[in-house]
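Open the model in your viewer and keep the selection tool at hand.

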Amino acid sequence: MSIAIGCDEAGFQFKEVIKKLLIEKGLEVEDFGVYSTDPVLYPDIAVAVAKSIAEGKHERGILICGTGIGMAIAANKVPGIRAAVCHDSFSTERSRRSNNAQIMTLGARVIGIELAKQLVNLWLGCEFDGGGSEAKVNKISEYENEFYKSCR
């Protein structure tokens with residue numbers, strides 16, 4: 001599995017720990033930054049990670065900022081992307097099994113690093129179940145296509 005990872009300055013320390021975990025699991029990882037605690041505009045990182053997934057360069061992505069919220073909002077602007085804030089095991093699992101989210105976002109100021117590692121492992125082990133959720137995910141894509149076309 002190929003993973004794109006990125007963060008802002010608030011998530012830098014988390015990103016480094018999560019990146020190490022991913023590499024130890026034998027996964028291919030591309031780091032989209034940041035590479036220090038210097039302030040950045042996180043939407044640039046979120047969109048770069050999301051585009052790499054939308055274009056098929058990576059299967060999944062992990063984005064980290066202070067809350068995880070801003071990264072999710074920015075990543076979800078890329079057509080075809082479903083990014084979900086993951087701060088507990090139930091929501092993390094459902095983001096994959098029910099919503100087929102390709103990107104998980106984490107808040108370094110919201111959860112601890114040990115919980116973050118557990119959630120990453122859980123998320124990586126989950127696949128989309130389809131079933132009753134498939135029609136819902138397809139409907140989201142229909143709306144996305146409708147609004148995307150009307151904005152061009």
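Select alanine 83: opposite it, in strand 5, stands isoleucine 103. The model is predicted, so local features need pLDDT of at least 70 and side-chain atom pairs count only at pLDDT 80 or more, while totals for chains, interfaces and linings use all residues. Residues are numbered from 1 along each chain as its sequence is written, and side-chain values use heavy atoms, without hydrogens and water.

Pairing requires at least two DSSP bridges between the strands. Helices (H or I, at least four residues) and strands (E, at least two) are DSSP runs, numbered from the N terminus.

Now follow the chain from strand 4 through helix 4 (residues 89–97) to strand 5: this β-α-β crossover is right-handed. That is, with the strands pointing away from the viewer, the path from the first strand over the helix to the second runs clockwise.

Next, strand 3 (residues 60–65). Five bridges join it to strand 5, again in parallel. Pick leucine 63; its bridge partner in strand 5 is threonine 105.

Stay on strand 5 (residues 103–107). Is it enclosed or open? Five of its five residues are buried, so the rest of the structure largely encloses it. Buried means under 20% relative accessible area, exposed over 50%, partly exposed in between (1.4 Å probe, protein chains only). Ile103, Thr105 and Gly107 cover one side, Met104 and Leu106 the other.

Finally, select lysine 25, in the loop between helix 1 (12–24) and strand 2 (28–31). Lysine 25 is partly exposed, at 44% relative accessibility.
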